Protein chains: 4
Amino acid sequence: MIRVGILGAKGYTAGELMRLLAFHPEARVECLMARVEAPEPVEQYFPFLRHQVRLKIEPIDLKALAERCDVVFLALPHTAAQAYMKALLDSGLRVVDLSADFRFDSVALFENTYGVTHQAPELNAKIPYALPELFRSELNGPRALANPGCYTTASILALAPLMRHGDDLELDHIVISAMSGVTGAGRKPTDNTHYPECNESISAYGVGKHRHRPEIEEKLSKVAGWPVALTFTPHLVPMNRGILATCTIPMRRPITTAEAHGWYVEAYGDEPFIRLLAPGVTPTTAGTYMTNYVDIGMVADAHSETLIVISSIDNLTKGASGQAIQNMNIMFGLPETLGLIGASRA
Amino acid sequence: MIRVGILGAKGYTAGELMRLLAFHPEARVECLMARVEAPEPVEQYFPFLRHQVRLKIEPIDLKALAERCDVVFLALPHTAAQAYMKALLDSGLRVVDLSADFRFDSVALFENTYGVTHQAPELNAKIPYALPELFRSELNGPRALANPGCYTTASILALAPLMRHGDDLELDHIVISAMSGVTGAGRKPTDNTHYPECNESISAYGVGKHRHRPEIEEKLSKVAGWPVALTFTPHLVPMNRGILATCTIPMRRPITTAEAHGWYVEAYGDEPFIRLLAPGVTPTTAGTYMTNYVDIGMVADAHSETLIVISSIDNLTKGASGQAIQNMNIMFGLPETLGLIGASRA
Amino acid sequence: MIRVGILGAKGYTAGELMRLLAFHPEARVECLMARVEAPEPVEQYFPFLRHQVRLKIEPIDLKALAERCDVVFLALPHTAAQAYMKALLDSGLRVVDLSADFRFDSVALFENTYGVTHQAPELNAKIPYALPELFRSELNGPRALANPGCYTTASILALAPLMRHGDDLELDHIVISAMSGVTGAGRKPTDNTHYPECNESISAYGVGKHRHRPEIEEKLSKVAGWPVALTFTPHLVPMNRGILATCTIPMRRPITTAEAHGWYVEAYGDEPFIRLLAPGVTPTTAGTYMTNYVDIGMVADAHSETLIVISSIDNLTKGASGQAIQNMNIMFGLPETLGLIGASRA
Amino acid sequence: MIRVGILGAKGYTAGELMRLLAFHPEARVECLMARVEAPEPVEQYFPFLRHQVRLKIEPIDLKALAERCDVVFLALPHTAAQAYMKALLDSGLRVVDLSADFRFDSVALFENTYGVTHQAPELNAKIPYALPELFRSELNGPRALANPGCYTTASILALAPLMRHGDDLELDHIVISAMSGVTGAGRKPTDNTHYPECNESISAYGVGKHRHRPEIEEKLSKVAGWPVALTFTPHLVPMNRGILATCTIPMRRPITTAEAHGWYVEAYGDEPFIRLLAPGVTPTTAGTYMTNYVDIGMVADAHSETLIVISSIDNLTKGASGQAIQNMNIMFGLPETLGLIGASRA
């Protein structure tokens, strides 16, 4: 039984980790820590976890964490996680970091994107970007993994199979229009996430400057072998969970939906968490709600000569905590779907 | 491994059964049947179950059902289930019936409430009302169980511990104001459940004549030992899941919150699915969202001399399919929480 | 043309005042003031008012306010308004106060309810409670009016016609279960109004201690002529606007819906803003959305021997700003519906 | 006083017409007709209009309509309106048609898009496309006007000022990602608009084949002077009202936000219903909720070398009924904003 700790146990991704791990047959949450003054019951932050999780959220104590756990999920805010990485690894813990701090190959790109100086650049190269569907072979050795962002997971998985089709598509004209539920904005109340302000409204935000764009580009560039630049416009939608990424790519030559669909079958055929929809069918976020699946559908639009690929994930599950557990499974040599897809499936 | 069949596999309670059973360690869905012309993939009705459930929904065939299953969940509409009960039992199947058809001790009350003639009155007395927290001892012998309604589960569990306190409370003046998410109205589109009609609105419905009132009264009467009559007003709330039942009972003598809380501790102390909140704390439906828990909180209001008890459940889980699995566990001698509360809980 | 000022121009009730006054034929907003450091454009707080209201929100300056306006709407938080009343009246302004500060006949009850010492008790008796449907005759003389609360408007208007029916009903056993949209909680972001916390959830709050209960009781007591005490349980509903008040009153003798309906026809027959629904029909909050109407419906439940009366209002309109304009109309001798019901109605 | 009739009085756009016309100083609704068997009260379909509109919805009778009205709003479903146009015009009525039936210059394009044979092609050329901000000069002579679609209004107004900038932008690579509230799907309940199916979910629909795309293209082609083809992907969002159109256009040369903003100032400077946001600010649908405004904002993204222009409208107001009243005002020589922007604005 893997002993799990969560650092940053008050946020939504921590709650999702606890929800999922309750049904994981080989892992057990043993330690919850966060910036609290004194131990607090978990139900103060997550009423739905009452009785299910009887641990308290304790003040951060890395020594205690190392004694009681085998792996720690770093669920701290971006730029706050990096300060802990070295100490955690030195104490023998394995780490799945849900923050952005070690996601970038380029430390400079991270620093430029998040506006801070990286505090552990020497570790950065040793912590791979843990998007299993694309980079699985790099993930089962390292003691720390950088869990991808939510928009990035949806966008990269929607686009990666196209990166080898530069002769078929104008890959320098990719447009991503993405929409997210409000948990993606985190737990801290703000004017924009005050219920009456975001209910009955949709809006774009971070237009031309959202922090997930460089992450998407760096990873797609790695897949493509050349520097990808694209347009990424995220929108806030009045719902709790879910991301839809609508990706539009101009064709260089006529392509049918069936042909494009074939590219995805080839790329993702056996991936346990990717569900390709039938040619011409596009996904809803309800379809991946509270699951670790990525639903992908596509339409080749002969009229406008563009390929439209749409992906759906749950931002808290495949976009954060579910994928983190998937990565923990890989790290410990367990079946990748353990605790994420029901074993007794029909 | 218990082999499970679902009859009426297209509705919301069927989808919830499949979602929950995917993680049940001792049961496996083997057969899905409904009123379809030809086999249809389950994801046509439940996109989120794609790949998780690879069975098709087949036309109803009781013989095949009996061969392939040990137990069947009857998830048919009220008044449609009763026609199948005898055949199912005769074929050796066990049955958990999610409809109202066998919930009433009084066949006449059922007939009056649902406006139909009962088709299997001779079976009615053999099928107990399966609310385990109150009637557990009656449930592990019979081959068929009548799963309670959603409003009734929330209301009865909120009120049952008070039924012995007729000296303390005016039990002939109970008022229940209950609020439900829209899945409670079922899957069939109607004017009232058309999104723009129910979004941004709340309304009462079935005022003075909702069919769950007689069910609540009959069961509370059984607990009390005398005929209970009460006021029950349900409301439709713009959310998908969840029921809140706000129960108000006048005091006969001054009662404190702590005293009333003690009654519930005494009544429900070890119940695995009942979570009593601290005295003075009242529940939210978010707290029981997608769980099988019942959260109960209370406030004794000295000013108005009433006791206010509020319960929260998820209408599809404890209010339907979760409770049905709890009943299946009882029926098969399994731990009652199996598949419903994570085994690796912290 | 009445020159209008708004003090406390950043809150939701201020925005609603501006929305409504834009179509008022005899009033014009001339001055917006609030606790700001420097003038700010109104669209910073109310994007929908851009171009419609070109005034800036200025720092509070009572002298300038008095010079530029005939009447001021006090849209400040409870307990903050009272400090301004004397100065405003002394400067010759008329005042409609949307806060609770002058709503109570009993200063002691106000102080006890709001936990502060009243700063202008000598003015309190001169400022009538401005619920026109009940107290119209008291409203056209004074230079200041106390605008009722939202829950109180819905509850009092639902119950007032019953107060003379103590022989027919058990008026000491009134139970109000009320539900409100989230704008009722004001503009300041909090944990409870953070979108993911209140979306997909319903909860009671302030159980047994909500501040609108004493207001409801004091006014109904005035109508009744004896001290009314009742149970009031408010709930927060995931929608922006709207209040539904479900009131349950036990019968002393058998009463039909038609009979009770007749009491309301008699009480409210010609009231322009009260819409009695047909006997047995109950209202939705969608029906009063963004209107100044109060919809009232009722069902006499012979089984439980209770009368259920349900009222619906928009908490920002009839529950606050619409009623404030109705009161301004009365104060200035204008037709009461001016600017609130379209003149060219069919 | 203009006497107004509404044909197709049961749908959402009819309700919005009545809501708006109640405050119109020069028009009065005199006649409501629809496919009903017998006269029905308007509140049966629009509870919020009770008392505000006392007319009944009558069976269709064109002779009576012509006698009692000066202008009729055709609020019938697409393809159903065309059958009435000739008779209405022959009877001397003026007509604002909210359907798609006369929106296309090309009858063939209409027939291809809507899958029917046009029943009044000879009238088509006489009925201009009534988007006042672009085609105002064509609108004040004809006796019938074709009111634009909702997505089309948002999209065309966002893009029209760019059509002369083919040297600056790659106008053959326009991508529109649009999102609409559910009233846009009309009043008829369907599986997709059943509350639990569309709440907590976002999805694209009609990908590559939505009927508003040809309408957008034909009108932008007219503005541009060459055949425009573009990508248009609409999404259904869990809210009642509002459309956001996010338009992405690649640059041919570096363009700043300020430069692009200048193009819009030049194009729309004095338009009463277009509100250009400050450079870099993008709109929310809440900002245009229940108003006739179009909010437009833009960001020039130097990194991806694209211009992102976002527009927001209320689909029922500027996207349908508000614009129809704007067109009626033009048709009758009234100030264009009458009844749509408050006269007593500050």
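Colleague: Why is Thr291(A) called buried?

Modeller: This is a predicted model, and in it Thr291(A) has a relative accessible area of 12%. Buried means under 20%. The value of 12% falls under that cut-off, so Thr291(A) counts as buried.

Colleague: Where is Thr291(A) found?

Modeller: Thr291(A) lies in a loop of chain A, between strand 12 (274-276) and strand 13 (294-301).

Colleague: What is Thr291(A) in contact with, leaving aside its neighbours within four places in sequence?

Modeller: In chain A, the partners are Asp314(A), Thr317(A) and Lys318(A). Phe48(B) is in contact with Thr291(A) too. Contact here requires heavy atoms within 4.5 Å.

Colleague: Now chains D and B. How do you know that the two copies are related as by a two-fold rotation axis?

Modeller: Chain D can be laid on chain B by a turn of 180 degrees, with a shift of 0.0 Å along the axis. The RMSD is 0.0 Å. The copies are thus related as by a two-fold rotation axis.

Colleague: And why do you say that the copies meet through the same surface?

Modeller: Because 100% of the interface residues of chain D are also interface residues in chain B.

Colleague: How many residues are in contact, and what area is buried between chain D and chain B?

Modeller: On chain D, 20 residues are in contact with 20 residues of chain B. The buried area is about 1,600 Å². Carbon and sulfur atoms give 53% of that area. In chain D, His194(D), Tyr195(D) and Asn240(D) lose the most area to chain B, together 41% of what that side buries.

Colleague: Why is the pair Arg187(D) and Glu197(B) called a salt bridge?

Modeller: Their side chains meet at 3.6 Å, N to O. The cut-off is within 4 Å. The distance meets that cut-off, so the pair qualifies.

Colleague: Which element gives the most to the side of chain D that touches chain B?

Modeller: Helix 8 (residues 195-198) of chain D, with 4 residues. That side divides into 8 nonpolar, 7 polar and 5 charged residues.

Note on methods: Residues numbered from 1 in each chain as written. Chains lettered and ligands numbered in written order. Predicted model: local features only at pLDDT ≥ 70, side-chain atom pairs only at ≥ 80, totals over all residues. Heavy atoms only, no water. Least-squares fit on C-alpha atoms with pLDDT ≥ 70 in both. Helix = DSSP H or I, 4+ residues; strand = E, 2+ residues; numbered from the N terminus. Buried < 20%, exposed > 50% of the residue type's maximum accessible area, 1.4 Å probe, protein only. Buried area = accessible area lost by both parts, 1.4 Å probe. Nonpolar A, V, L, I, M, F, W, Y, C, P; charged D, E, K, R; others polar.
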